[in-house]
Amino acid sequence: MLSEGLTNAVKNLMIQDVYFGSIDARVVNRQFFNEEAESFDELKPMLQQKFGVKKLTRETVSGKKYVYFTFEAGLRWTIDGKSSDTDKLSENEVLAYIESNIVACYQLKDDVPEEFLKEYAFKNSGIHVWPYWREFLSTTSERLKLPRVMLPTVQFQTEPLSEST
């Protein structure tokens, strides 16, 4: 059952757009992703991921009220430092990463208290953002010639809303 605040937010928010606010992707150490590299299987890179609401912003444009939830999403390929080849890698070295900020824009029908907006962002807004992140990560890792990454179809929030402006 939804809380009263979440019900209020659901009734008063209408999705308008989802877009990427920023994108950063880089292969830091290409040699470990080459097909011929024997070290790749030995090193067994670890994946570190993040996905969560970072920021809430309100705006009024031409008399219409909007709220923007900015999600921070990222994935890193790292080495845990337990390799026998310590001359080449330092502990927890990042081999590659794909990171982005994804913005979900909603029009407000009526004012909604900030605490209800935060609850909506944490519990509901990720449903709109997750498919964009999932597709972007899959295609970008493929284009960077990184191991294929396929996230589950359901998102799991890993970070609470940390700031608002």
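1. Helices (H or I, at least four residues) and strands (E, at least two) are taken here as DSSP runs and numbered from the N terminus. On that basis the protein chain has three helices and five strands, and from the N terminus on its elements follow the order α-β-α-β-β-β-α-β.

2. The model is predicted, and local features need pLDDT of at least 70, side-chain atom pairs count only at pLDDT 80 or more, and totals for chains, interfaces and linings use all residues. Residues are numbered from 1 along each chain as its sequence is written, and side-chain values use heavy atoms, with hydrogens and water left out.

3. On burial, a residue is called buried under 20% relative accessible area, exposed over 50%, and partly exposed in between (1.4 Å probe, protein chains only). Of the 165 residues in the protein chain, 42% are buried. In strand β3 (residues 64-78), which is mostly covered, eleven of the 15 residues are buried.

4. Contact means heavy atoms within 4.5 Å. Among contacts in the protein chain between residues at least 6 apart in sequence, 75% join residues at least 24 apart.

5. Strand pairing is assigned where DSSP finds at least two bridges between two strands. Strand β2 (residues 46-61) and β3 run antiparallel and are joined by 15 bridges. Within this pairing, L47 has W77 of β3 as its bridge partner, and M46 has T78 of β3. Strand β3 also runs antiparallel to β4, with 14 bridges between them; here Y66 has Q107 of β4 as its bridge partner.

6. K54 deserves a separate remark. This residue lies in strand β2 and, with a relative accessible area of 29%, is partly exposed.

7. S62, in the loop between β2 and β3, has a positive phi of about 50° although it is not a glycine. Most residues other than glycine have a negative phi. S62 counts as exposed because its relative accessibility is 76%.

8. A second residue of this kind is K145, which has a positive phi of about 60° and is not a glycine. It is found in the loop between α3 and β5 (163-164). At 62% relative accessibility, K145 counts as exposed.

9. Helix packing is described with axes, which are lines fitted to C-alpha atoms, for helices over the stretch in contact, with angles running from 0 to 180 degrees between N-to-C directions. Helix α1 (residues 4-12) packs against α3 at an angle of about 80°, the axes being 8 Å apart. That makes α1 roughly perpendicular to α3, where 65 to 115 degrees counts as roughly perpendicular, under 35 as roughly parallel, over 145 as roughly antiparallel and the rest as oblique. G5, L6, N8, A9 and V10 of α1 and F116, E119, Y120, K123 and N124 of α3 make the contact. These residues divide into five nonpolar, three polar and two charged; Ala, Val, Leu, Ile, Met, Phe, Trp, Tyr, Cys and Pro count as nonpolar, Asp, Glu, Lys and Arg as charged, and the others, Gly among them, as polar.

10. For aromatic rings, those of Phe, Tyr and Trp (its six-membered ring) pair if their centres lie within 6.5 Å; planes under 30 degrees apart count as stacked, over 60 as edge-to-face and the rest as tilted. The structure holds seven aromatic pairs. One of them, formed by Y106 and Y120, is edge-to-face, with 5.5 Å centre to centre and 90° between the planes. Because Y106 lies in strand β4 (residues 94-108) and Y120 in helix α3 (residues 114-143), the pair ties together parts that are 14 residues apart in sequence. Y106 is buried at 0% relative accessibility, and Y120 is buried at 6%.
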